Amino acid sequence: MDDFMKELEQMGCNVQSTLSRFLDDRDFYVECYTEMLTDEGFARLGRELQAENMEEAFKTAHMLKGMIANMGLESMGTHIGKLVEALRTQQRSCAELMPGYEELMAEKAKYDALVGKYSL
Amino acid sequence: MEGKRQILVVDDQAVNRKILCKMLQENYRVMSCSNGEEALELLKKSGDQISAVLLDIMMPVMDGYEVLEIMHKDSSLSRIPVLVTSQSDEEESELKALNFGASDFVSKPYKKDVLKKRLLNLIERREATEAVDVLERDPLTNLYNKQAFCHKVHSVLHRNANSDKRYLMAAFDVVNFKLINDTYGTAEGDNLLKFVSDVLKRVLADTKHYIARVYADQFLIFIQQGQIHVNEFMEKSSKLLLEYPLDMKVNVKLGIYEITDPKVAVNAMCDRAVIAGNSIKDNFDRSYAYYDDSVIEKLLVEKQITDEMETAIAESQFQVYLQPKFDIATRKMAGAEALVRWIHPEKGFMSPGDFIPVFEKNGFITELDMFVWERTCALLSEWLHKYGKCVPVSVNVSRKDIYKPHLTQYFKDLTAKYDIEPKYLHLEITESAYTENSEQLIAVISSLKDAGFEIEMDDFGSGYSSLNMLSELPIDILKLDMKFINNRGDKEKNQGIMRAIITMAKEMELRIVAEGVEEESQVNMLHGMGCDLAQGYFFAKPMPSDNFRELLVTSELAVD
């Protein structure tokens, strides 16, 4: 396991089961990893929450949740999972969910940092 | 299918799509697209090559539920299994997807082995079902084939052997299907069969039933008695068939066998329903018939006639009778018509009305006609060469004879063999031959006429006469049956029509023979109308050839 993978594991990712989803093809995982981090859904979710568009925000969050789960990034998964549930039940306003979104993005930043660190 | 099976991945999220494609490409050829609309387009184009669909539910443009719904309604797509990709904590949407027709689901994050196994299960299950379908179904209509149908019927009858339930076996068919196939081509014929199958399904929609297509246009229906009202069923289906875009009306018949003894072989039940349907094939007034004793009786008679016809010809049970024709003006004998009689050793005199239609159906009529032609030529030859006296004799040329190759040469050889001039042999054709294949008939008649034979049109006005026919066919003589006047409504009006026909025939230089003349008053009327010849009981009944020869020898003739 290379350093990047080791660091992912330390951040809570079950590397073994995740990589098996990618047929143990590390390069393919990395390709998807960078693609995921640049997915425009992250920024869109922020805009939708700001615009109080709960339904669209739910769809976007839902999409991100599936993608993050597939990438095995559980620390981010916890944040997005909470957002999805909150948006599904619609018991809290979008404004109230903004802190949750920011936490998600802060968590994402940690993963973004790895791209430069390991020249992915 | 050769090589790897093909899978369609539908997901709006590129990374998810990538993962799925990567996971599956080892075992499948994978196509992918990013929304429901694209997916449907692809499915419609090449759905028959796709073994399964992996479908995300939440997508822009068209979501997964909508895709499922559309696929479910389209019979060509509903067979494709769909594996819905959901998220682990969403039982509600999984259930909804299943209700919309999804076959199974997998949740994100994907577990490679679980996903692959579920997918393979779905595909194999579907392929197994399809294999059974191929064995059980008629590929054109997707109705049961005969074997599967009989098997299902047998099971139902067996299961209900001790119950009070009564069932019907019905045979549904398109009477003029062969004609439609011939006229519009088999592709159109196939379309019609598919349409008929849909009509049957629609009309029987609220009942429990089995339908099969057993061959060509023959459909079988098995249903519990009382579930349909036969009259209503025929009305509804005929009405729906009118919607089929064709210039020709689609005529259908239903034969019904009420299953009284469930132990009878299912195959035999099918036969009985078909037989009942066939019994009214030529009957325009009836659209359905039950299998009962009269149908059996009729069939038995037909079978007996068929069984005995060869013997009858070998043992000279058939005899040629002659009915003289007279010149109306001079009341002198001018000709005769050869009529066949069957004198059965046990049953005695058989009615031509009974056996001729059977022979026309089974093709034996040609052999019988040839017998009459030969016998007639022999008689003509005998009169001419022994007594030096002769009148022309007309013989029947059946519809089927027209298709006999080298018919003209056959007649030439025959008259040569007996050393008689062709003019003594008049050939009677019926107008129905014209409606069947006018071109062929015109060609045959012209060639016979060129060879010197005289052509008579028998029974003019009894069927679908067309004035076209009169101008197109090079005939010499028109035969009018007195039934023409007697049988139909307004006698005076009919006389008017007859007079008009005679006048027209004269204009066309055709001679007229009136048949079935029974009274002096008719003779006078015909004379007044300008009719030349007459034949009928008033003058003479058909008689054996010996009697006719005597009459011929002792009579003054209207011809030389």
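**Note on a predicted two-chain model**

1. Pro109(B) sits in the loop of chain B that runs between strand E5 (104-108) and helix H5 (112-136). Helices (H or I, at least four residues) and strands (E, at least two) are DSSP runs, numbered from the N terminus. The peptide bond joining Lys108(B) and Pro109(B) is cis, with omega at about -5 degrees.

2. This is a predicted model, in which local features need pLDDT of at least 70 and side-chain atom pairs count only at pLDDT 80 or more, while totals for chains, interfaces and linings use all residues. Residues are numbered from 1 along each chain as its sequence is written, chains are lettered from A and ligands numbered from 1 in the order in which they are written, and side-chain values use heavy atoms, with hydrogens and water left out.

3. A backbone point in chain A: Gln90(A) is not a glycine, yet its phi is positive, about 55 degrees. Gln90(A) belongs to the loop between H6 and H7 of chain A.

4. How many residues does each chain bring to the contact? Chain A brings 23 residues and chain B brings 17, where contact means heavy atoms within 4.5 Å. The two chains bury about 1900 Å² between them, and 58% of this is on carbon and sulfur atoms. Buried area is the accessible area (1.4 Å probe) that two parts lose on being put together, summed over both. Of the area that chain B buries against chain A, 29% is supplied by Lys18(B), Lys22(B) and Met58(B), more than by any other three residues.

5. Three salt bridges are counted between chain B and chain A; a salt bridge is a side-chain nitrogen of Lys or Arg within 4 Å of a carboxyl oxygen of Asp or Glu. Lys18(B) pairs in this way with Glu31(A), with the closest N and O atoms 2.6 Å apart. On the side of chain B that touches chain A, helix H1 (residues 14-24) gives the most, with seven residues. That side of chain B divides into seven nonpolar, three polar and seven charged residues. Here Ala, Val, Leu, Ile, Met, Phe, Trp, Tyr, Cys and Pro count as nonpolar, Asp, Glu, Lys and Arg as charged, and the others, Gly among them, as polar.

6. Over all chains, the whole structure has 37 salt bridges. Glu7(A) forms a salt bridge with Lys117(A), the closest N and O atoms being 2.8 Å apart. Glu7(A) is in helix H1 (residues 3-10) of chain A and Lys117(A) in helix H7 (residues 94-117) of chain A, so this pair ties together parts that are 110 residues apart in sequence.

7. The second largest pocket has a volume of about 500 Å³. Among the 20 residues lining this pocket, Phe58(A), Arg88(A), Met58(B), Tyr65(B) and Ser93(B) are the closest to its centre. On a 1 Å grid over the protein atoms alone, a pocket is an open set of points with protein on both sides within 12 Å along at least five of seven lines, a cavity is a set of points where a 1.4 Å probe fits but cannot get out, and lining residues have an atom within 4 Å of a point. Grid points are joined across faces, edges and corners, and a volume is the space filled by probe spheres set on the points. The largest share of the pocket lining, four residues, comes from H5(A).

8. The largest cavity has a volume of about 40 Å³. Its lining includes His62(A), Met63(A), Met58(B) and Lys108(B).
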